[in-house]
Amino acid sequence: MSDAIEATNLEKTFGGTVRALDGVSFTVEEGTVFGLLGPNGAGKTTAVRILTTIVRPDAGDARVLGHDVVSDAGRVRSLIGLAGQYAAVDENLTGRENIFMVGRLNHLARDVCARRATELLERFGLSDAGDRTLKTYSGGMRRRLDLAAALVARPAVLFLDEPTTGLDLRSRNDLWEMIEGLVDGGTTVLLTTQYLEEADRLARRIAVVDHGRVISEGTPAQLKADLGATVLDVGLPDPASAANAAEILAKVGTKAPTIDGSSIELPVDDGPRAAMEALRMLDAHSMTPTTFVLREPSLDDVFLALTGKRTDVEDDPDAATDNGGRGRGRGRAGDRAGAATGGAR
Amino acid sequence: MTTTAQTTTTRTGVPADNAPTRPDGGSRLGWAIADTFTVVRRNLIVYTRIPEFLFFSTVQPIMFVLLFRYVFGGAIRAPGGGPYVDYLMAGIFVQSVAFGSISTAVGLAEDLQKGLLERFRALPMARSAVLTGRTTADLCRNIFVVGVITGVGYLVGFRIGAGVPAFLAGVLMILLFAYAMSWGFAVIGLSAPNSETAQVMAFPILFPLVFASPAFVGVNTLPGWLRAFATHQPIGVVITATRALMEGGPTATPVLQALLWCAGLLIVFAPLAVRQYRRRA
């Protein structure tokens, strides 16, 4: 199989100071899903904007299905679809009108646009809402409509920029199922996400991005092997007993525990067994935890494992150029909540 | 294009019925026009979805008609001596389309803000269609506004002095000017950080041009320096030309000057708008 997307040493600086991409390279095999995983401001959106010909890289080059995104941008545009975190659809138009418009701007014939609009509305569960303006849509419906519009020209390569950020659990699961359906149909997908779980579920390969660089790349299994399969969070009454407990529990984990105030995080292999052992050991020392949670590793844990530090939530260079700063208020708490509650596999 | 039930997929993964609408591929210009039409259609649909906008974009000109016809009109003697309402209407028409062109700025700033223009950039559409589509849709709106004002003018006593063809030539003059102004305000819309700012940026530019002009009073009462400005600035020139066409009088020189201004505005602002679109969107 050949590569659908090749990015080589992409660099982009905004406003002379904000270094959004600092030499990013990756390749995406045709017909697979590739996940760009990283916190706000890591440069994920900038990479997508370059690959979709919206902005030019300062250095490096990128090809989509063999076509250069700068010198052959027109050809690239006719092969790709883009849907994103900010559903860029017109809220004064109906769902059907939006899909029709995007189809026409892809130079499809009217009857083809009309037929596909009906098909796509049905496929994305929007048939009943198709003739209402988007103002009446929920957040999840808008994302689905945005995805539907991105598919109207049946793109060979689809870019999904944080497709589920800010959605509730059910909408997220719906969208995941729809994306999985696309991949079964042979579409190549580049997905950006802040959720390890999302990348894990959808992507065949994942690149972890931080400060404009790829800091790790591999299959979800490889990435998780580095982490330990599960994380044990133990809360204690005070920092002193937390330090104490960390020492006691050290040998239960696959890695040294990290202490954050009066709570401990411990990567473990076999969750239930490790949990039982941890409780026994705490009990043997007459310690009682205030909280005790087994959870899936989050993006935060990936970063901790890879960089030794937490994801820092800073101004997003992508958002800074996003015309009026549509805020991205989701930081670490959001990542963790997403991973903790999203264990529906 | 024929419709096929089954789409076959080529090697690159592009389904066969993704072929361009025109079998010969169409010319670039042909596609640019088709894309413009799509964007115009979208903008006009949006206008119909917000009827308040269309309504209020005619209310203000109507209030100006009534204000000057019934409040100030009695105290103003029309230069040339005819009924003041006949003098007034050319000014009202030009003032209305001039202020109306602010909506070009606001509309583009809004599309930019919402990320719609960014999505357009990832589509294989003609780059220019976003701007030509917007300005053309605003031209359609101006035709509507000019129609409504003509009707209101008729109700308050406005009569066409120079015959219907000359009046229609005057309307064309107004619409051409409105179109040229839209490009100027497209530049503002694409330069503003958001739509609210686009609106407040536009107003101080228009205000002196509209009111330091022969729109409502003859310029002979103005101090010399202001009279020179009022007579030669674009809105002043276009009002004089429109008035000459609608009311009668020597038309050749004012119309030529007005056409030159419109051409000048287009030549300067259309490329600037395109450049700003490339930079911002």
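Q: Two strands pair if DSSP finds at least two bridges between them. Which residue stands opposite A:Ala7 in strand 2 of chain A?

A: Helices (H or I, at least four residues) and strands (E, at least two) are DSSP runs, numbered from the N terminus. In strand 2 of chain A, the residue opposite A:Ala7 is A:Phe26. The strands concerned, strand 1 and strand 2 of chain A, run antiparallel and are joined by nine bridges. They form a hairpin with three residues between them. In the turn, A:Gly15 has a positive phi of about 60 degrees.

Q: What should I know about the model and its numbering before going further?

A: The model is predicted: local features need pLDDT of at least 70 and side-chain atom pairs count only at pLDDT 80 or more, while totals for chains, interfaces and linings use all residues. Residues are numbered from 1 along each chain as its sequence is written, and chains are lettered from A and ligands numbered from 1 in the order in which they are written.

Q: In what order do the four strands of the open sheet in chain A stand?

A: The order is 2-1-4-5, with antiparallel pairing. Strand 2 (18-29) and strand 5 (67-68) of chain A are the edges; each has a single partner strand, so one side of each lacks a neighbour in the sheet. Strand 1 (residues 3-14) of chain A also pairs with strand 4 (residues 59-64) of chain A, in the antiparallel sense and over five bridges. Within that pairing, A:Glu11 is opposite A:Ala59 in strand 4 of chain A.

Q: How do the side chains of a regular strand divide between the two faces of the sheet?

A: In a regular strand they alternate from one face to the other.

Q: Which strands of chain A does helix 1 lie across?

A: Angles run from 0 to 180 degrees between N-to-C directions, and axes are lines fitted to C-alpha atoms, for helices over the stretch in contact. Helix 1 (residues 44-51) of chain A lies across strand 1, strand 2 and strand 4 of chain A. Its direction is at about 115 degrees to strand 1 of chain A.

Q: What is the order of the open sheet of six strands in chain A?

A: The order is 6-7-8-3-9-10, and the pairing is mixed. Strand 6 (80-84) and strand 10 (213-218) of chain A stand at the edges with a single partner strand each, so each has one side without a neighbour in the sheet. From one strand to the next, the twist averages 15 degrees. Strand 9 (residues 205-210) and strand 10 of chain A run antiparallel and are joined by five bridges; among these strands' residues, A:Ala207 has A:Glu217 of strand 10 as its bridge partner.

Q: Which strands does helix 5 of chain A touch as it packs on the sheet?

A: Helix 5 (residues 139-150) of chain A touches strand 6 and strand 7 (157-161) of chain A, and its direction makes about 170 degrees with that of strand 6. Helix 6 (residues 169-184) of chain A also packs on the sheet. This helix touches strand 3 (33-37), strand 7 and strand 8 (188-193) of chain A, at about 150 degrees to the direction of strand 8.

Q: How many helices and strands are there in chain A?

A: Chain A has 13 helices and 14 strands. A residue is buried if 20 or more other C-beta atoms, placed from the backbone, lie within 10 Å of its own, exposed if 12 or fewer, and partly exposed in between. Buried residues are 52% of the 345 residues in chain A.

Q: Where is A:Asn9 placed in chain A?

A: A:Asn9 is in strand 1 of chain A. Its phi is positive, about 50 degrees, although A:Asn9 is not a glycine. A:Asn9 is partly exposed because 14 other C-beta atoms lie within 10 Å. A:Ser286, also not a glycine, has a positive phi near 55 degrees. A:Ser286 lies in the loop between helix 10 (271-284) and strand 14 (291-295) of chain A, and is exposed, with 6 other C-beta atoms within 10 Å.

Q: At what angle do the axes of helix 3 and helix 6 of chain B cross?

A: The axes of helix 3 (residues 84-100) and helix 6 (residues 129-155) of chain B come within 10 Å and cross at roughly 150 degrees. That makes helix 3 of chain B roughly antiparallel to helix 6 of chain B (under 35 degrees is roughly parallel, over 145 roughly antiparallel, 65 to 115 roughly perpendicular and the rest oblique). Residues are in contact if their C-beta atoms, placed from the backbone, lie within 7 Å. Those of helix 3 that meet helix 6 of chain B include B:Met89, B:Ile92 and B:Phe93; B:Val145, B:Val146 and B:Ile149 are among those on the helix 6 side.

Q: How far apart are B:Val164 and B:Met246 in sequence and in space?

A: They are 82 residues apart in sequence and 8.4 Å apart in space, C-alpha to C-alpha. B:Val164 is in helix 7 (residues 164-191) of chain B and is exposed, with 8 other C-beta atoms within 10 Å.

Terms used: Contact = placed C-beta atoms within 7 Å.
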